[in-house]
Amino acid sequence: MMQLGIFARTFARPSVEEVFDAVRAHGLRCVQFNMVCAGVPSLPEEIAPSLSRRIHEAAQSRGIEIAAVSGTYNMIHPDPAVRQQGLRRLRTLAAACQNLGTTIITLCTGTRDPLDMWRWHPENSSPQAWADLLYEMEAALRIAEEEQVTLAFEPERANVVNTAARGHALLAAMGSSHLKVVIDPANLIVPGGERPMRQVLDEAFDLLEEQIIIAHAKDRGADDTFRAAGEGILDYDYYLHLLQARAFPGPLIIHGLAEAQVDAALQFISDKLQSR
């Protein structure tokens, strides 16, 4: 069966050890980690080797795999200084990955909105925004190659890479084995949109399937807000069919939910997988 995991920061706890205890208490053995869980920013200026080793040991001693760590920053922020700071911090995180026990860093591709990394901006569609993304991603991939990690970006409607087609174009432009994809259909579907949902999902898997290394499980309501898996309009039967048809082993990471919703979302996904 496909490996299930969860965003570690779903569980707000005083220590990283308690975060992993909460993960295990829900029967999970896989997380997408965020440095916030260790009491520092998602992208810290510095990461003490003792901290990264502590995180790895805490996970390992509980039988939990750190499938990936979040390295998200706004890669096309309108202020180049903000982008440069994000890149410096990405290097810090990449250098810590060996001690953390993971080789995958997740990213978003960013937006021209200066205040909200998850808000669409009309200039995201401009040639200059695309050029800035290519420049930034090239720099990020140099870091990935030096540190022997993989960067996995997530196509989503609010960012410059807002469709599977643009994700495919980014992969083609970079031509790097260190660049892969996080697939999250809830970030691509449009409630009441012109294109049928299954057509959107088919396109995503047709264009990106060979590069998908992490899958996400959340949902989108008919009101266009994010929901926990099973509480929205996403066709989960078809999504899981596409994953299984391609023998995707996981991790399938549940997120976009409050801690109180974890058990219901896990049960929903587990039931869907077992019924296939």
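This is a predicted model: local features need pLDDT of at least 70, side-chain atom pairs count only at pLDDT 80 or more; totals for chains, interfaces and linings use all residues.
Residues are numbered from 1 along each chain as its sequence is written, and side-chain values use heavy atoms, with hydrogens and water left out.

Let's begin with strand E3, residues 65-70. Helices (H or I, at least four residues) and strands (E, at least two) are DSSP runs, numbered from the N terminus. Buried means under 20% relative accessible area, exposed over 50%, and partly exposed in between, with a 1.4 Å probe and protein chains only. Five of the six residues of E3 are buried, so the strand is largely enclosed by the rest of the structure.

Which strands pair with E3? Strands count as paired if DSSP finds at least two bridges between them. Strand E2, residues 30-33, runs parallel to E3 and is joined to it by four bridges; Val31 has Ile66 as its bridge partner there. Strand E4, residues 104-107, also pairs with E3 in the parallel sense, over two bridges, and Val69 is partnered with Ile105. The chain gets from E3 to E4 through helix H3, residues 80-100, in a right-handed β-α-β crossover. Right-handed here means that, with the strands pointing away from the viewer, the path from the first strand over the helix to the second runs clockwise. E2, helix H2 and E3 make a right-handed β-α-β unit too.

Now to H2 itself, residues 49-61. Its buried residues are Leu51, Ser52, Ile55, Ala58 and Ala59. They cover an arc of only 125° around the axis, which puts them on the same side of H2; the arc is that of the directions from the helix axis to the C-beta atoms. On the other side, Glu57, Gln60 and Ser61 are exposed.

Finally, the salt bridges, each a side-chain nitrogen of Lys or Arg within 4 Å of a carboxyl oxygen of Asp or Glu. The count comes to 17. One of them joins Glu17 and Arg54, 2.8 Å from N to O. That pair links helix H1 to helix H2, 37 residues apart. Another is between Asp132 and Arg112, with the closest N and O atoms 2.8 Å apart. Are those two buried or exposed? Both Asp132 and Arg112 are buried.
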